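Keep the sequence and the 3D view open while reading.

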Amino acid sequence: MLENQVAIITGSGRGVGRAVALQMAKSGAKVVVSDRDEAPTMEVVEEIRSNGGEALAFPGDVTDSHFAAEIMKTAAETFGGIDILVNNAGYTWDGMIHKMTDEQFQAMLDIHLIAPFKLIREAAPYFREAGKKDIENGTPKYRKIVNVSSVAGVMGNVGQANYSSAKAGLIGLTKTVAREWGAFNVNCNAVAFGLIDTRLTQKKEIGEKVNGVEVGIPEKVRTMFEKSIPQGRGGTPDEAAQGIFYLASPLSNYTNGQVLHINGGWYT
C-alpha cells in the first residue's frame, strides 16, 4: 500500500513510533527512523532491513534548532523525496499548575508543538510545493502528515497543564495545515491517544526516565484509568500505530483536518 513512498517518523526507536515504522516498512515504505537515542534507532533500522525493507537511521533531538532542516534534507537526498511525516516524538513532565516551573511548561511546548511546527514548515518544499507541481503537471499525488496528540489535548488532564496545552495546540496546528495545504493534496490529521502501553504510561514505580525526567503513571492511578475504559485495558503500540497507518495511507485521501480518537471508548 505504501510502495515507493518515503516516511519520516520521529520518536520511532521505541513504542508507538517503532510499531509505525515496522508497519509502514512492511507495506513498502522507505522509512527514516529517528529517535533521540542512537541504539534503539539502529535496532529498528536493522530489523526493517533484515525483513527486506529500506530504512535510514537519523538519531537526534527534535528540539535541536538544526534538526528539522537536516532530517528533511537527508531523507530527500537519500530517497528522492518525502511523502509522509509522522510527528510522534515526545515525553511527559508532569506537575500541578501551582508547582510547575517555566522550564517544565516550555519543555512540553518545545517537543510537542514547536518541533512539529518546524518540521512541517521545513517540509513545505516536499509537500506543498511538490504537490502544486504535481497538479500543474496533471499527475496529482497525495502526501500525508500525521500529528500525535492526546486525549489530554482535548479534555485536559490533572497534573498535565503543560502537556495538555501543547497537545491542544498541535490539534490547532493540524487543522490549520489542512486548510492551507489541502489544495495541494496534502492531508494533515491527528490521532488523540488515550492510555497506550508504552514506557510513558507504565507504572511510575518502575523509575523509567526520559531526558532526565521520571515518566510513568502511579500504579493506583493507572489502575483507575484502566477501569474507566470501556474495553477494560490500555491499547498496545501496534493498535495505536494502526490508526496512524490509516491516516498515512491512501485509505484516507479524503480525510483532512480530523482528529482520530484511539482510546478504547474512554472518551468519545
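A residue is called buried at under 20% relative accessible area, exposed at over 50%, and partly exposed in between (1.4 Å probe, protein chains only). The model is predicted: local features need pLDDT of at least 70, side-chain atom pairs count only at pLDDT 80 or more, and totals for chains, interfaces and linings use all residues. Residues are numbered from 1 along each chain as its sequence is written, and side-chain values use heavy atoms, with hydrogens and water left out.

**Salt bridges**

- A salt bridge is a side-chain nitrogen of Lys or Arg within 4 Å of a carboxyl oxygen of Asp or Glu.
- Side chains of opposite charge can pair when their charged atoms come close.
- The whole structure contains eight salt bridges.
- One of them pairs Asp35 with Arg14, with 3.4 Å between the closest N and O atoms.
- Asp35 counts as buried because its relative accessibility is 7%, whereas Arg14, at 29%, counts as partly exposed.
- Arg14 also forms a salt bridge with Asp37, where the closest N and O atoms are 3.1 Å apart.
- Asp37 lies in the loop between β2 and α2 and Arg14 in the loop between β1 and α1, so this pair ties together parts 23 residues apart in sequence.
- Glu129 and Arg128 meet in a salt bridge at 2.7 Å, N to O.
- Shared partners join the salt bridges of Arg14, Asp35 and Asp37 into one network.

**Helix α7**

- Helices (H or I, at least four residues) and strands (E, at least two) are DSSP runs, numbered from the N terminus.
- Helix α7 covers residues 161-181, 21 residues in total.
- Its buried residues include Tyr163, Leu170 and Trp181.

How values were computed: Expected span 1.5 Å × (residues − 1).
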